[in-house]
Amino acid sequence: SPTIAHVAFSGNQAGFAGGGMCNTGFYGGVSSPVLTNVTFSGNQAGSTGGGMYNHSDSGGVSSPVLANVTFSGNKAYTGGGMTNYSYGGVSSPVLTNVTFSGNQANSGGGMLNFVQSNGTSSPQLVNVVMWGDSASNSAEIVNNGATPAISYSDIDQDGITGTGNIR
């Protein structure tokens, strides 16, 4: 799992997942990079995770740590900015001081968190802004079996609970 700092991922495309970055932890493997001062803009994925796709499977882990990261103008069918998908593994990224804006998807314009087959997806969002993303189903965040912990954040969507959130 690399450490990445002061980088921009811009204008990239993926046929399926992770237009800007794809992290996969399979069969006990770990793919949990640390990103600081990074921008994901104008990336596109044919299916999911326009900016970033984190996928864990069969006991694997894909839980990146992000600080001072921006996701803007990314597109995918689901999870325009980011998708966290767990199929029997753990996909629980930690986001601090992260902004999602202008991302587009059919479902989860900003973020999609999805769990299948006894997996775990419990993203931690602290001081996160999700505003101005678009989707026909939940413009900012969709949780399907996932249990995110959101605190001190500003997410333009009803039903977001947690400590110190603005909306």
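Tutor: A polar contact is a pair of N or O atoms within 3.5 Å; within protein, one must be able to donate a hydrogen and the other to accept it, and residues adjacent in sequence count only if both atoms are side-chain atoms. The model is predicted, with local features requiring pLDDT of at least 70 and side-chain atom pairs pLDDT 80 or more, while totals for chains, interfaces and linings use all residues. Residues are numbered from 1 along each chain as its sequence is written, and side-chain values use heavy atoms, leaving out hydrogens and water.

Student: Which backbone nitrogen does the side chain of aspartate 133 reach?
Tutor: Aspartate 133 is buried at 7% relative accessibility (buried is under 20% relative accessible area, exposed over 50%, partly exposed in between; 1.4 Å probe, protein chains only). At 3.2 Å, its side chain reaches the backbone nitrogen of glycine 102.

Student: Why are phenylalanine 40 and phenylalanine 71 called stacked?
Tutor: Rings of Phe, Tyr and Trp (its six-membered ring) pair if their centres lie within 6.5 Å; planes under 30 degrees apart count as stacked, over 60 as edge-to-face and the rest as tilted. The structure holds six aromatic pairs. In the pair of phenylalanine 40 and phenylalanine 71, the ring centres are 4.8 Å apart and the planes lie at 5 degrees, so the pair is stacked.

Student: Is phenylalanine 71 buried or exposed?
Tutor: Its relative accessibility is 0%, so phenylalanine 71 counts as buried.
The rings of phenylalanine 71 and phenylalanine 100 are also stacked, because their centres are 4.7 Å apart and their planes at 5 degrees. Phenylalanine 71 itself is thus buried.
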